[in-house]
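Hi,

Here is the model I promised to pass on.

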Amino acid sequence: MAGLHLDNAACSRQSFAALDAAARHARHEAEVGGYVAAAAAAPALDAGRSAVAALAGMPDAEVVFTTGSLDALDLLLGSWPSGARTLACVPGEYGPNLAVMAAHGFARRPLPVDGDGRVSVDEAAARLAADPPDLVHLTAVASHRGVVQPLREMAWLCGELGLPLVVDAAQALGQVDCAVGADVTYTSSRKWLAGPRGVGALAVQTELMQRLRPRLPPPDWVSSLPVAQRLELGESNIAARVGFSVALEEHLAAGPAQVRERLTEVGAATRTALAEVPGWRVVEAVDEPSAITTLAPRDGAEPEAVRDWLIRERQIITTAAGVERAPLELTAPVLRVSPHVDITADDLATFAGVLAEATAAT
């Protein structure tokens, strides 16, 4: 690869197998036409849907391919059954998610959290029982902080209270155990699963799926089509979906538990290596079970300028996360570092030194 890729929470590097699968499908489209090629790809796509359902702990769910996580949330909330529209979410909710929620007329209620932004389950239980919303939306790992939410405990709680739990697993699937049996889980391909851009998935338990009312087309036009197929109607990049399915297959073959264990090690090693770099404070605890490390600036360090310098001068890729990623919580930009399983101790030591250099230079 070129340089040092420390930005897998934004977009991973695809494997050769995923790239080859997408390219083969594109060539097949050129040979026999897009629709014939899509029909031939159906077994691979069905395997991808099954893999998403398995990783979400929803083996009987119906899975719809989308263009990404935000598209999945838009499809879901735009199809939500009529009636009152209230949802509970954390104060640090992803900014674009907040925009989608508002666009579909959902009123938000904050879930109680601790000082790290993690849901306080006992307090949440009391609050949700006293004034239940129509759904609970939980982003398993945020875009601006590598703190892991208590998914399993919240899934149990919502089940006890009879509240639908919707899990945004965009930053979680592949690095955090999401097999908690939520009512809805949605994700993207391009992050920890190392698939192509422009594709994601929406998994919905069957009973809830049947209650959804897709906006387009009207039901009387396509009364014979199941809800899941109506949600998938429209133009789509089948080659990207095939690549995503192969990436999921590779992840399952590698062993999801082993990948998660390695990524937890990566997170601890990264936070340890960066703990003393001048100008920055590591946000997460060393033992946070996440491969994302967030660096809050000190003494005037500028995340955007440092990120640009790292790319320009050293071909090192990170993310400068602005306040728009969590507008109800984040008060200043941060630098996000997210290596994958192939990072080495020497890589991290090199990055720590270069980060110090970049901070001084900007």
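First, a term: by nonpolar core I mean a set of buried Ala, Val, Leu, Ile, Met, Phe, Trp, Tyr and Cys residues joined through side-chain atoms within 4.5 Å, where buried is under 20% relative accessible area (1.4 Å probe, protein chains only). This is a predicted model, so local features need pLDDT of at least 70 and side-chain atom pairs pLDDT 80 or more, while totals for chains, interfaces and linings use all residues. Numbering starts from 1 along each chain as its sequence is written, and side-chain values use heavy atoms, without hydrogens or water.

On to the cores. The largest one has 76 residues, and Leu111, Leu128, Val136, Leu274, Leu310, Phe351 and Leu355 have the most contacts inside it. Apart from it there is another core of 25 residues, including Leu75 and Leu202. Beyond its neighbours within four places in sequence, Val136 is in contact (heavy atoms within 4.5 Å) with residues including Ala88, Leu111, Leu128 and Met154.

Then the sheet: open, 7 strands, mixed pairing, in the order β2-β8-β7-β6-β5-β3-β4. Strands are DSSP runs of E, at least two residues, and helices runs of H or I, at least four, numbered from the N terminus; two strands pair if DSSP finds at least two bridges between them. β2 (62-66) and β4 (107-110) each have a single partner strand, so one side of each is left without a neighbour in the sheet. Strands β5 (residues 135-139) and β6 (residues 165-168) run parallel, joined by 4 bridges, and Leu138 stands opposite Val167 in β6.

Cheers

Conventions
Buried means under 20% relative accessible area, exposed over 50%, partly exposed in between (1.4 Å probe, protein chains only).
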